[in-house]
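Open the model in your viewer and keep the selection panel at hand. The tour goes from one selection to the next.

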Amino acid sequence: MVFTARFLLPPPAPTPRVSPWPRLITLTPPPPSSYPLLGRAHSASSCLLPGQVEIGILDMAAAATAVSSTTKGNGTSGRSGPSEASGPRKKKGPGPLATAYLVIYNVVMTAGWLVIAVGLVRAYLAKGSYHSLYFSIEKPLKFFQTGALLEILHCAIGIVPSSVVLTSFQVMSRVFLIWAVTHSVKEVQSEDSVLLFVIAWTVTEIIRYSFYTFSLLNHLPYIIKWARYTLFIVLYPMGVSGELLTIYAALPFVRQANLYSISLPNKYNFSFDYYAFLILIMISYIPLFPQLYLHMIHQRRKVLSHPEEQKKYE
Amino acid sequence: MDMNMVAREASQVMAPSINSLPRPVPPKATKKPKKAVLFFEVEILDAKTREKLCFLDKVEPNATIAEIKNLFTKSHPQWYAARQSLRLDPKGKSLKDEDILQNLPVGTTATLYFRDLGAQISWVTVFLTEYAGPLLIYLLFYFRVPFIYGHKYDFTSSRHTVVHLACICHSFHYIKRLLETLFVHRFSHGTMPLRNIFKNCTYYWGFAAWMAYYINHPLYTPPTYGGQQVKLALAIFALCQLGNFSIHIALRNLRPAGSKTRKIPYPTKNPFTWLFLLVSCPNYTYEVGSWIGFAIMTQCLPVALFTLVGFIQMTIWAKGKHRSYLKEFRDYPPLRSPIIPFIL
């Protein structure tokens, strides 16, 4: 009787519990109070922010060498004796003039790549097909991608705390694809693979430059940070595929015209086979791409899942 | 037993020590008195995880870091002394092997942080490997071993004198380097990270193959200005080789065998060492000079590129060396530049 009675009684009222967790007040992280993030802000020797890699797969080589090489311990240069492990790095922001210049630079670049994006859309709507859209954005693409060479200068004069070598490698790889492949081998300009990497670069660069702009102004919307550290998952392989297919398409024409090649005999006892060089470049993607892609995945996990540690990676 | 006997026994038998200090032993005619020795304790933690790796007690106060490293190896044999970096602060500088425990700013229980430097390889091994490679590789191309050039050129010989001369110079250079590694150089460090051997060998062997391919190619074009150019280049090469060797000997004489002392190098009676008046690292200056000579002799662009890359690397090293000289010695001659007089 008692047994069944228990089931007939209403269950006891739950005791009101105070949540032990603090209420989440804001969903966006507070703006960083430290010095503004500059350009390709990245710490010490081997850490690389995903943004640095988004601009192209050939960048991978530099980033991979940074990721895999460890400059610590003694005798790393082989000769120079022990180099002390780097102590805690002090972040020195750029002066107000440099910050103003960098904001202008990043705004201009964002605008430039937006122009390219709009140009692509308009050309698509006008033509009705997505083939051969390269010709409609050829000039701004060349101008703004080549303009990125300035970023090497920024690192060299110190207003952006990134490695000159790394940045050079990354920018030169993009410039190489624009000038030494797409511009030089006219026959590939109507290939669809060109559109593939142009779209990947355009989206990446718009996000990247706006990320830097907002960071410099200490006002980074979370959506931009999210986009920068997430969209690469699709854009990166897309860009790589476009680049590789374009180089592959260029090969027969390079062979035919013996483009940029010198053969023996000559006064300087030198030879260069551009065809073989392009094949070597393509092969280099194989070790570099997975390394960098995985590194970016790890960075993403770190940056997007620890709001209190975001300052470190910004 | 009466109280007198107890008292006598008590006075003869020493009371047990209350604190950890050893009791002083009463002096006997045949023995010297022992000094009170305070042993140190050393605690070794992982620099990254702060995990306790090893605890050493009864460490002599005058023990060196080298001895502590050897003790540490006993408990962790996979970390031989050469790959240990011990430091007082996890992010600080590595302690030197010669440092003495009691001279360090630690209490009687020292906490040292350990960092694994990775697999190490001796400098001598690396040098021998990276220099033996170019020596042999160049000769493979010189003798036109099969599968390099077309079949009809296998084991043929070039008809240009300069090609034979270049082979002699190149081989002489690397034999000199090998002999210097074995008999002349006194290294500051025993080991370097293992991955350096792959990096260095790729660089040396790769460039040697690339240069040798063109110089010994059947379609090689001799220098534009003929014999004159070759003679001048040979003179430059020979003088710079002699200079480089003189500097190596001078540097060797600065340091007694087995020591790691550092002194300011000064010019000696040997005229080649007079470059010390103007330059901190004349060995690098002469080395670049040798390769410039070789490039002029062969008139080969890959050689010029190798010279350029080597120059950039040696400039970086020279600047670093110059900086450490300036930091270490107050009276360092101000006229000296790192590698090129007055310029660089």
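Predicted model: local features only at pLDDT ≥ 70, side-chain atom pairs only at ≥ 80, totals over all residues.

**Stop 1**

Select residues 40-116 of chain B. In an unreviewed UniProt entry, residues 40-116 of chain B carry the feature "domain: TECR-like N-terminal".

**Stop 1: two domains**

Now colour chain B by domain. Domain 1 covers 40-118, and domain 2 covers 122-328. The distance between the two centres is 39 Å.

**Stop 2: a salt bridge in chain B**

Select Asp97(B) and Lys69(B). They form a salt bridge, with 2.9 Å between the closest N and O atoms. Asp97(B) sits in the loop between strand 3 (84-87) and strand 4 (109-116) of chain B, and Lys69(B) sits in helix 2 (residues 65-75) of chain B, so the pair ties together parts that are 28 residues apart in sequence. Asp97(B), at 31%, counts as partly exposed.

**Stop 3: within one helix**

Stay in chain B and select helix 4, residues 161-183. Show the side chains of Lys176(B) and Glu180(B). Both lie in this helix, four residues apart, which is about one turn. They form a salt bridge whose closest N and O atoms are 3.3 Å apart. Both residues are buried.

**Stop 4: across to chain A**

Select Arg255(A) and Asp273(A). Here the salt bridge has its closest N and O atoms 3.0 Å apart. What does this pair tie together? Arg255(A) belongs to helix 10 (residues 232-257) of chain A, and Asp273(A) to the loop between helix 10 and helix 11 (274-305), so the bridge joins parts that are 18 residues apart in sequence. Colour by accessibility next. Arg255(A) is partly exposed at 36% relative accessibility. Asp273(A) is also partly exposed, with a relative accessible area of 31%.

**Stop 5**

Now show every salt bridge. How many are there over all chains? The count is eleven.

Methods:
Residues numbered from 1 in each chain as written. Chains lettered and ligands numbered in written order. Heavy atoms only, no water. Domains from an automatic or database assignment. UniProt positions renumbered as here; feature names shortened; annotations may be inferred. Salt bridge = Lys/Arg side-chain N within 4 Å of Asp/Glu carboxyl O. Helix = DSSP H or I, 4+ residues; strand = E, 2+ residues; numbered from the N terminus. Buried < 20%, exposed > 50% of the residue type's maximum accessible area, 1.4 Å probe, protein only.
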